[in-house]
Amino acid sequence: MASIYHGRGAAIGIGEETSSNWGVAVARTVWRPLISSSLTRTIEKVPRPTLKTGAAGAMRRAHYVQADNAGGTFQIEASYRSMGMLCKHLMGAVATSGTNPYTHVYTFADDVPEGLTIENVRGTGTAEVFEGCRLSQGVFAVSAGGLMTFEGTVIAQTSGGRVSAGTVTYGGTDAPILHSQAGQFTFNSATYDLIDMTLTVNNALATRQHLGSAVTAKPLRSDFQSVEMSITVEVEDDLYAAFLADTESDAHITFTDGTRSFRVDLQNAYLSTASDPVSDANVIRQTITLIGQSDGTNEGLKLTVVNGDSTGIGN
């Protein structure tokens with residue numbers, strides 16, 4: 001009888017691959033429980049182009065492997081703890097200062113760090129270890145009544161297939177970022193109460209196929225990096241006016257839990273959309289999209305995390 005597995009207990013473990021050793025698996029040092037994961041290998045198999053057929057009938061005779069891809073998405077709860085390694089590999093750089101609590105500032109760099117090894121523990125079943133992982137995109141999202149989530153889009157070099165799961169070792173006190181811990185959103189010196197917020201960082205990474213291998217070389221940027229924030233508020237004419245006037249300003253919001261905090265600074269932002277249709281008798285809501293930009297010094301986004309981790313990438 002085939003084994004039956006359940007999704008409960010699913011987790012993700014990550015470790016930083018060393019400089020100049022992209023694609024060489026390392027031990028997983030940070031673990032997070034999963035909400036969902038689609039990490040897998042996708043092998044593209046195509047028919048050979050020859051017109052040869054069988055002795056009877058019109059079927060092709062053979063195929064070959066065109067590409068052996070690996071990656072996908074995973075979603076976890078965003079937390080004041082155990083998120084530093086993901087923030088660093090999404091943004092590019094981290095600087096840590098202070099004493100407990102420590103302040104970690106994550107900023108954009110010319111390239112994302114070398115890579116991650118990610119172990120995808122598939123609930124009560126087996127696991128799959130992906131090496132050479134780079135974060136092509138990251139999305140932080142939170143809405144009223146919920147907690148913040150993080151969804152990462154991964155391009156990996158490959159995996160070794162399904163194996164026995166490693167030992168999942170979570171860090172200390174669990175500290176999810178809750179909707180009720182949000183402060184007000186600030187843009188152009190005015191403050192607003194948000195209904196929801198989504199922050200999307202797109203690193204524009206792409207696979208690179210070379211002769212001699214079916215797996216990708218190290219994924220690199222194929223376009224400009226970008227960052228945008230989508231927010232919903234009860235309608236504010238000031239935001240619509242800022243949209244019409246093409247106002248540029250820094251924007252920020254902070255979530256706080258005691259001595260821990262998570263702050264988002266969207267730098268040199270402008271409003272790319274402002275939509276507030278009237279469709280019923282309820283309070284009119286307005287959906288705004290803001291785009292961060294570089295000014296040569298501030299590169300469009302800064303994430304600041306305050307917690308008890310001295311390294312900025314720990315568990």
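Guide: Accessible areas here come from the Shrake-Rupley method with a 1.4 Å probe. The structure is a predicted model, and the protein exposes about 15,300 Å². Carbon and sulfur atoms supply 49% of that area.

Visitor: How many helices and strands are there in the protein?

Guide: The protein has two helices and 20 strands. Its C-alpha trace spans about 75 × 45 × 45 Å along the principal axes.

Visitor: What share of the contacts between residues at least 6 apart in sequence join residues at least 24 apart?

Guide: That share is 71% in this protein. Cys133 and Thr158 are 25 residues apart along the chain, and their C-alpha atoms are separated by 8.5 Å.

Visitor: Where is Cys133 found, and is this residue buried or exposed?

Guide: Cys133 is found in strand β8, which covers residues 127-143. A residue counts as buried when its relative accessible area is under 20%. Cys133 is buried because its value is 1%. Leaving out residues up to four places away in sequence, Cys133 touches Glu17, Trp22, Gly115, Leu116, Ile118, Val154, Ile155 and Ala156.

Visitor: Which residues are in contact with Leu301, leaving aside its neighbours within four places in sequence?

Guide: The contacts of Leu301 are Met91, Tyr106, Thr107, Phe108, Leu199, Val201, Val227, Val264, Asp265, Leu266 and Gln267.

Visitor: Now to a helix. How many residues of α1 are buried?

Guide: The general idea is that an α-helix has 3.6 residues a turn, so residues three or four places apart point the same way. In this structure, helix α1 (residues 84-91) is mostly covered, with eight of its eight residues buried. These are Gly84, Met85, Leu86, Cys87, Lys88, His89, Leu90 and Met91.

Visitor: Where is Asn188 found, and what is its phi?

Guide: Asn188 is found in the loop between β11 (185-187) and β12 (190-192). Although Asn188 is not a glycine, its phi is positive, at about 55°. Asn188 counts as partly exposed because its relative accessibility is 40%.

Visitor: Which loop holds Gly146, and what does Gly146 touch?

Guide: Gly146 is found in the loop between β8 and β9 (149-156). Not counting residues up to four places away in sequence, Gly146 touches Leu178 and His179. Its relative accessibility is 24%, and therefore Gly146 counts as partly exposed.

Visitor: Which form, cis or trans, does the peptide bond from Asn100 to Pro101 take?

Guide: That peptide bond is cis, with omega near 5°. Pro101 lies in the loop between β5 (92-97) and β6.

Visitor: Strand β6 comes next. Which side chain has a polar contact with that of His104?

Guide: His104 lies in β6, which covers residues 102-108. A polar contact of 2.9 Å joins the side chain of His104 to that of Thr96. His104 is buried because its relative accessible area is 0%. Beyond its neighbours within four places in sequence, His104 has contacts that include Val94, Ala95, Thr96, Leu303, Asn307 and Asp309.

Visitor: Finally, how far apart are the mean positions of the positive and negative charges?

Guide: The mean positions of the 21 positive and 31 negative charges are 18 Å apart.

Definitions and conventions: Residues are numbered from 1 along each chain as its sequence is written. This is a predicted model: local features need pLDDT of at least 70, side-chain atom pairs count only at pLDDT 80 or more; totals for chains, interfaces and linings use all residues. Side-chain values use heavy atoms; hydrogens and water are left out. Helices (H or I, at least four residues) and strands (E, at least two) are DSSP runs, numbered from the N terminus. Buried means under 20% relative accessible area, exposed over 50%, partly exposed in between (1.4 Å probe, protein chains only). A polar contact is a pair of N or O atoms within 3.5 Å; within protein, one must be able to donate a hydrogen and the other to accept it, and residues adjacent in sequence count only if both atoms are side-chain atoms. Contact means heavy atoms within 4.5 Å. Lys and Arg count as positive and Asp and Glu as negative; His and the chain ends are not counted. The place of a charge is taken as NZ of Lys, CZ of Arg, CG of Asp or CD of Glu.
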